[in-house]
Amino acid sequence: SYRNCTELVELKPRFLKRLFSELCSFHLARFSYLHMKYLFFSWLAVFVGSWVVYVEYSSYTELCRGHECKNSICDKFQKGVIDGSACNSLCEKDTLYLGKCLSAKPSNQPRKESASFNRPTKGTSMEKFKKMVYSHLKAKVGDQANLADLVTLVFGVADSNKDGQISLSEAHSAWALLQLNEFLLSIVLQDREHTPRLLGFCGDLYVMEKVPYVPLYGVSLPWMVELWIPASLRRSIDQWAAPSWPRKAKIGIGLFELVEDVFHGTFGSFLMCDVSAAGFGYTERHDIKVVDARRIVPEAAFQEAMRERRCEEDSDCMYGRDCLTSCDLTKHRCTTEVTQPNLAKVCSTLKDYLLYGAPSEIKDELEKQLYACIALKGASEQMEMEHSLILNNLKTLLWKKISHTKDS
């Protein structure tokens, strides 16, 4: 220490004083350098942290413009341009409000320009509008035998005041909503338990039943905490926060049933192009619900889009997070068949979730079935038969284990 150095300098003969003085000066200089280095990096950490927080906050306030969204929609409602079952609650009674932004990521934000609500035009007859909707749905889901039934469902939702007629303002809202994949899926699966109930709409804004537990598994942590958590620790936290295994099994069965609903369903097939845990949640009774259906797309519309996409390699033919086709290098166009079916992607998402904590008597068989499921290929000639077999095996295996418990 400095005190000890001083004492030494006083006790030693004169010829050593200079030596000890220089040593003490070096010691103090070294201490001062380390102290300054610590202060500098502490200041730098505070500065960078403050800058990141400022940027994130700025982007949040920039992107999460709930009041602007409401003002834009309510202005059009009050002018009679749009109408819907949620308009009064949102714009006049103020019983419906936009609570928080679900994501501040620019890629998750809606387009900055609002919908024009200019179709159908004034003077369009009900019959002509019905043909417009029919043609649009045909392009989306393909030429289904029961397409007329889907049109009837759409008109039932569009008639917000249930007077048996579709006004021009209701038609404007309905047409804008039909451009959204997730709204179309909510109509197609409205009688199924795996999609939240549609509670109302106003313009191209729609209201869904709240799903209490999101994401499907894992813990939602602040983004700053996410940056510093190692992947292995994150997995451990997710597993620790998950429900008991019988409840996880029930959630898994629900997700497998959703695959059945969208694969060759009543109104054609849909492709699940983002099967990440964030897109799903569950209720208090552990019934699975789709939270984000933007990437569950009609197969016919997907194939048409991929047919027009240019490519140099297979990676150019990715849609969303999980739908990949191959690149035809002779034409430099993407092919239309996905390399993995919905079930394989769901099994990949559920593998660790279901195997962790699984009862020992079924764990080996469950693992075997899950890996067989993940290996499914979209272009296989026998894919549909294998798909059905593996799907039934997995559901049966899980159900037999939990059917006698209160969690079922």
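Visitor: In which loop is Pro120 found?
Guide: In this predicted model, the peptide bond from Arg119 to Pro120 is cis, with omega near -5°. Most peptide bonds are trans. Pro120 is found in the loop between α4 (87-91) and α5 (126-141).

Visitor: Which peptide bond is cis with omega near 0°, and where does its proline lie?
Guide: The bond in question runs from Val214 to Pro215 and is cis. Pro215 itself lies in the loop between β2 (205-208) and α9 (223-228).

Visitor: Does Lys162 count as buried or exposed?
Guide: Lys162 lies in the loop between α6 and α7, and its phi is near 55°, a positive value in a residue other than glycine. Buried would require under 20% relative accessible area, and exposed requires over 50%. Because its relative accessibility is 58%, Lys162 counts as exposed.

Visitor: Is Leu178 buried or exposed?
Guide: Leu178 lies in the loop between α7 (168-177) and α8 (181-188). Not counting residues up to four places away in sequence, Leu178 touches Val133, His136, Leu137, Lys140, Val154 and Phe183. Its relative accessibility is 1%, so Leu178 counts as buried.

Visitor: What separates the C-alpha atoms of Leu178 and Val133?
Guide: Val133 is one of the residues that Leu178 touches. The two are 45 residues apart along the chain, and their C-alpha atoms are separated by 8.5 Å.

Visitor: Which helix gives the largest share of the lining of the largest cavity?
Guide: A search of the whole structure finds one cavity of 30 Å³ or more, and the largest cavity has a volume of about 40 Å³. Val154, Val157, Ala158, Ala174, Leu178, Phe183 and Phe201 line this cavity. By class, the lining has seven nonpolar, no polar and no charged residues. The largest share, three residues, comes from helix α6 (residues 147-158).

Visitor: Which elements give two or more residues to the lining of the second largest pocket?
Guide: The second largest pocket has a volume of about 210 Å³. Its lining consists of 15 residues, of which Phe263, Leu271, Glu299, Glu337 and Met383 lie nearest the centre. The elements that give two or more residues to this lining are β3 (270-272), α12 (299-307) and α15 (383-402).

Visitor: How do the residues of that pocket lining divide by class?
Guide: Among the residues nearest the centre of the second largest pocket are Leu271 and Glu299. Leu counts as nonpolar and Glu as charged. Over the lining of the second largest pocket, the division is seven nonpolar, five polar and three charged.

Visitor: Is α11 roughly parallel or antiparallel to α13?
Guide: Helix α11 (residues 245-262) and helix α13 (residues 342-355) pack with their axes 10 Å apart, at an angle of about 175°. Angles over 145 degrees count as roughly antiparallel. The angle therefore makes α11 roughly antiparallel to α13.

Visitor: How many nonpolar residues has the contact of α11 with α13?
Guide: From α11, the contact includes Trp245, Ile251, Leu255 and Phe256, and from α13 it includes Leu343, Val346, Leu350 and Tyr353. Two polar residues and one charged residue also belong to the contact of α11 with α13, while the nonpolar residues number 13.

Notes:
Residues numbered from 1 in each chain as written. Predicted model: local features only at pLDDT ≥ 70, side-chain atom pairs only at ≥ 80, totals over all residues. Heavy atoms only, no water. 1 Å grid on protein atoms, 1.4 Å probe; cavity = no way out; pocket = protein on both sides within 12 Å on 5 of 7 lines; lining within 4 Å. Points joined across faces, edges and corners; volume = space filled by probe spheres on them. Helix = DSSP H or I, 4+ residues; strand = E, 2+ residues; numbered from the N terminus. Axes fitted to C-alpha atoms, helices over the stretch in contact; angles between N-to-C directions. Parallel < 35°, antiparallel > 145°, perpendicular 65-115°, else oblique. Contact = heavy atoms within 4.5 Å. Buried < 20%, exposed > 50% of the residue type's maximum accessible area, 1.4 Å probe, protein only.
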